[in-house]
Structure formats: structure tokens, C-alpha cells
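Please look over the sequence and the 3D structure shown here. The report after them goes through selected features.

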Amino acid sequence: MDFLFKLPNGSFFVLLSLLVVGFTSSKASPPLIVENATIIPVDGSGEYIASGYLLVDDEGKVQAVGMGEPSMELGPEVMRIDGSGKIIMPGFLSGHSHLYQSPFRGLGVHHTLLGWIYCYHMSYGPFYDPSDLYWFSKHGAMDYLGHGITTIYDWTLNNSETVDDYVDLYRGSLDSGARIIFGFGSDMGKSLDENRTYLKEYLSIIEDEGMDASHPRVPAVWMAGLGLLNGRERATMEFTLAREFDLPMQVHYLEEPDPTYVAIQRGLFPVYDDLEMMGPNLNFAHFINVTDEILQRTGESKTTMIWNPLSNGRLASGLPDIPHYQEFGIEVGMGIDGQASADISDPFENMRMGMYAIRMKYQNADVMMPLDVLRMHTIGTARTLGIEDQVGSLEVGKWADFIIVDPRSMETSPVINPIEHVVLTCSVANLESVYVGGEKVVDDGIFLKVDQEAVQHEVTWRLDRIQEQVDDSLEAETWDRGTVLPGLDEYQQNHFSDDHEHPRYGKAREED
Ligand SMILES: [Zn+2]
């Protein structure tokens, strides 16, 4: 439970969290069984179970999954859920996310990545209050859970003065009830030594608070890197920290489509090998405008990637040729990316967007099937994050992270083939409930572990405050957004304009 105190001057809130924060990996809930359900386990078989059961033990793990009725005797303590007419499947994973971006949707729509950074990060970012990010990341994680995503790699923003403020991002996302891999970002304004001290303190706080930070458990801490986006110097610092602290690392790589930028980024590719980072502990987010040489080295080194179709479409970043990547043996997971660039956190939309784009490109339906893209957004993503033995499919011994989909509405029934049906027709409107570790966290759109109204209230007034600050600074002409990509100053100027928003958008009608 969170307690808020408004200071007498009303200017800000102090947040105290009295709970031991962190996702408890064992739970005291009763065991449960979902019966008479259609089950898509997303195991290696590629099959679904037309009518079967999912049995969850009192630790929150899958005890059995099978056809018909379970053979074992069930005690009276087992909670029974009737799954008739419903589809049970693993919760989705998002392998690349920025949860704190949740309140900032629909911005910079006339720009690709670097211009969008100007319209969003550089415009709104300067006005974050340290206490905002707890609420924003909690809101973001709830939004994901409400769309059926149960495990999230959260690439976070480190602009916090104190380490404790930064840990608040983690606290916020974990308090939603989702499984979180926290992507720790170094601070470019600090030296390597300062970042090292900061990271050490960060890890000791989350250890003290009982958040298990060791990979490959989830929750876990990874490094979150800008990689070569900021050039070699920043990348070197990030990689040095990742190696010293033995943290796997995800970096943004080859997202912006501008040819000049692409050429710079491709040219820097050997730096990953120079720094001995290529391998299963490195993951590329986006990874769009590649060459075959880059794919070759990525595949053979077992470096993985996360594909973000919604965000890549919205930002006009481009379409990675996924079937071609897979020919090089590259493991591909999927992500939503931040809500400020995907705008909607819907894995169903994300799967369709990706699969349809690939089919359009190839003019061949066979090239990507519904089961392929479903795997990528579940077990495939778990594999890229090295947690496939814990989550990503409904198999004995894994966490019982699952969703109940009810396709029986007018526009999504009847069902002929459940796998195709889920991927091609269903949406969040069909999402009946979401379970994490056998515990129900969302029921018909209601969040069971969170005071939803409080979160919405907090996020709304905080965004209003930020918007007012943005408007005031525009009016006072004190607008100075500086630069965010050292080393690319000249290039980035071409992508930024003084127009806060495109003239065609974002104008409220004014009275005559
Ligand atoms: Zn990103």
C-alpha cells in the first residue's frame, strides 16, 4: 500500500512505500485448475488442446496441462475455473519497452525517431519531477498487463538525481503485478566511476528490498544501452559496466531510417566485437537497416533481437526482413516499445502488424504463419531474454502466467481453429482475465493488485502539470532543448524543427 503526503505548500508529494516491494516468487494462493478449456500451450509441438485443463500448484507454477480431465485426485482446496468456450494461452512477453512513456501518446507524429525524440523527450523530459516516474512506469506496466503482457523488459530512463528515485521506476512497474526485467541505464552526464558507484548502490537497494536482481530469474536487472546511438564513447562505458557487473545488455541499434544515420551506425558495428559484447548476453532492439555481414555475425555469435512492428510502423523506421534474419539463425523476439511510439500496447495488434507487413513484402502467405508470430511474442521473446525455462509457454514447472481469452462475442465467433483465431481476430476486447504466477491480476479490465483510480488520477494531474510547463516555456520563449545525441549534432539538426507539433496536428479550435 502506498501512502501519499501532500506538503503544506501543496507543491509536491512524498511517496513512502510501506510494502516490501518486489515480486514474490512464491505465493500463498490456493492451487487452481482451469477446466474444459481450449488450450494453446505454445510448447514445441505446434498443437492446441481442443478441450483440456491447466493445473496450477500453490507456488504458482504449472503442475499439469493436458487433454480431457486430470488423472489425479483434486482436493477441495483447488479453485476450479470453468474454461468452457474460452482459450487459455501464455501471457505475452514484451522484449523491449519504455514503461515511463505511458502517458505521452500521439506526439511527434510527423517525424521519424530523431525528430520524435525532439517532440517528446526533449520537449517533455525536462519537466519530469522525480516522483513522476514511479507513477508513469506503474501506469505503463498496468497498461501492458491489461493487454495480456505478463513479462516486460523495461528499458528505463535514468535522469534521477538520487539512486532511490531511480529505483522508484522499478518499484512502480513491479507494483502493477507484472514480471519486470529492469533495464538499467547509465547516465551520460556522469563519469564511468560515478556510474559504477551509482549502479552498485542501485543493486544493493533492490537486494535489500527483496527484488531478486540476478539473471536469468525474473525479475532481473539488465543493462539498458543506447549502444552506438551516441557513438563509441557512450557504448564503451555501457559495455564496461555490463561486463563488470555481469549484466546482459539490450541496446537500440539501427532504428532511425535516414541513410546518413544508417551509414554511421553500420560503420560502427565492429565496435561491438572490439568490446567483446557480441553473444547471447547482447540483444539488439529494432535492428532494421542491416547488411548481410551484420546478420551473419549476429547469427553466428548468438546475439538476439527484438522486433517492434507497431513502433517501427508508427515511426516509419522500416521493416526488418524477419524471414531473412532467421536464415542466419537469429533468435527474434517481439516487443511493444514505449507507449509514446507504439501508442497502444496491444500484442494482438503487434502480431498482426508484423505478420501482415512481412506477407505484403513477400506477397507470399506462407512466409509467416499465425503460429510463427504467436511464438515470437511468447516463447521466442523468452528465449531472447534467456528466461525460456521460466515463462513463455504453458509447460510443467514454468510460472503459470496465462491469459483467458473469450472469443464468444458476436464479431469473434464461432471459432474454427483456435491458433489462427487468436492471432487473426482477437484483441484486448476478448481478454477476460490475466494471471501472473497463478494469481489473477486483471479481471475484465479491473486491476486487482492496484488502486486503478489513484493511478489514473496521479498520472493525469502530473501530465497536466508537465503540459502546462511545456506551454509556459514555449510562450516565454525560454525553449532550449539542447541536444541529446552527442556526436551526431549536425545530423540531428536536420531532423529537428522549432515547431513543437506539425501545423496539421495538435491544434485545438479557438473561439473567434
Ligand atoms: Zn526503444
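What follows covers the basis of the model, its salt bridges, a helix pair, some backbone details and a surface patch.

## Basis of the model

This is a predicted model, in which local features need pLDDT of at least 70, side-chain atom pairs count only at pLDDT 80 or more, and totals for chains, interfaces and linings use all residues. Residues are numbered from 1 along each chain as its sequence is written, and side-chain values use heavy atoms, with hydrogens and water left out.

## Salt bridges

Side chains of opposite charge can pair when their charged atoms come close. The structure holds 21 salt bridges (a side-chain nitrogen of Lys or Arg within 4 Å of a carboxyl oxygen of Asp or Glu). One of them pairs Arg 179 with Asp 401, with the closest N and O atoms 2.6 Å apart. This pair links distant parts of the chain, 222 residues apart. Arg 179 is in strand 10 (residues 179-185), while Asp 401 sits in the loop between helix 14 (370-384) and strand 16. Helices (H or I, at least four residues) and strands (E, at least two) are DSSP runs, numbered from the N terminus. Are Arg 179 and Asp 401 buried or exposed? Both are buried. Buried means under 20% relative accessible area, exposed over 50%, and partly exposed in between (1.4 Å probe, protein chains only).

Asp 193 and Arg 196 form another salt bridge, with the closest N and O atoms 2.5 Å apart. Both residues lie in helix 5, three residues apart, about one turn of the helix. Asp 193 counts as partly exposed at 49% relative accessibility. Arg 196 is partly exposed too, at 22%.

Asp 273 bridges to Arg 297, and here the closest N and O atoms are 2.6 Å apart. Asp 273 lies in helix 8 (residues 270-274) and Arg 297 in helix 9 (residues 292-300), so the pair ties together parts that are 24 residues apart in sequence. Asp 273 is partly exposed at 31% relative accessibility, and Arg 297 is partly exposed at 25%. Salt bridges that share partners also join Asp 132, Glu 458, Arg 462 and Arg 465 into one network.

## A pair of helices

Two packed helices are described by the angle between their axes and the distance between the axes. The axes of helix 5 (residues 192-208) and helix 6 come within 11 Å and cross at roughly 40°. Axes are lines fitted to C-alpha atoms, for helices over the stretch in contact, and angles run from 0 to 180 degrees between N-to-C directions. Helix 5 and helix 6 are therefore oblique to each other. Angles under 35 degrees count as roughly parallel, over 145 as roughly antiparallel, 65 to 115 as roughly perpendicular and the rest as oblique. The crossing is right-handed (the near helix is turned clockwise from the far one by less than a right angle).

## Backbone details

The peptide bond from Ser 413 to Pro 414 is cis, with omega near 0°. Pro 414 is in the loop between strand 16 (402-405) and helix 15 (418-425).

Asp 246 is not a glycine, yet its phi is positive, near 55°. Its loop runs between helix 6 (232-244) and strand 12 (249-253). Asp 246 is exposed, at 63% relative accessible area. Asp 444 also has a positive phi near 55°. Its loop connects strand 18 (439-443) and strand 19 (446-447). Asp 444 is exposed at 62%.
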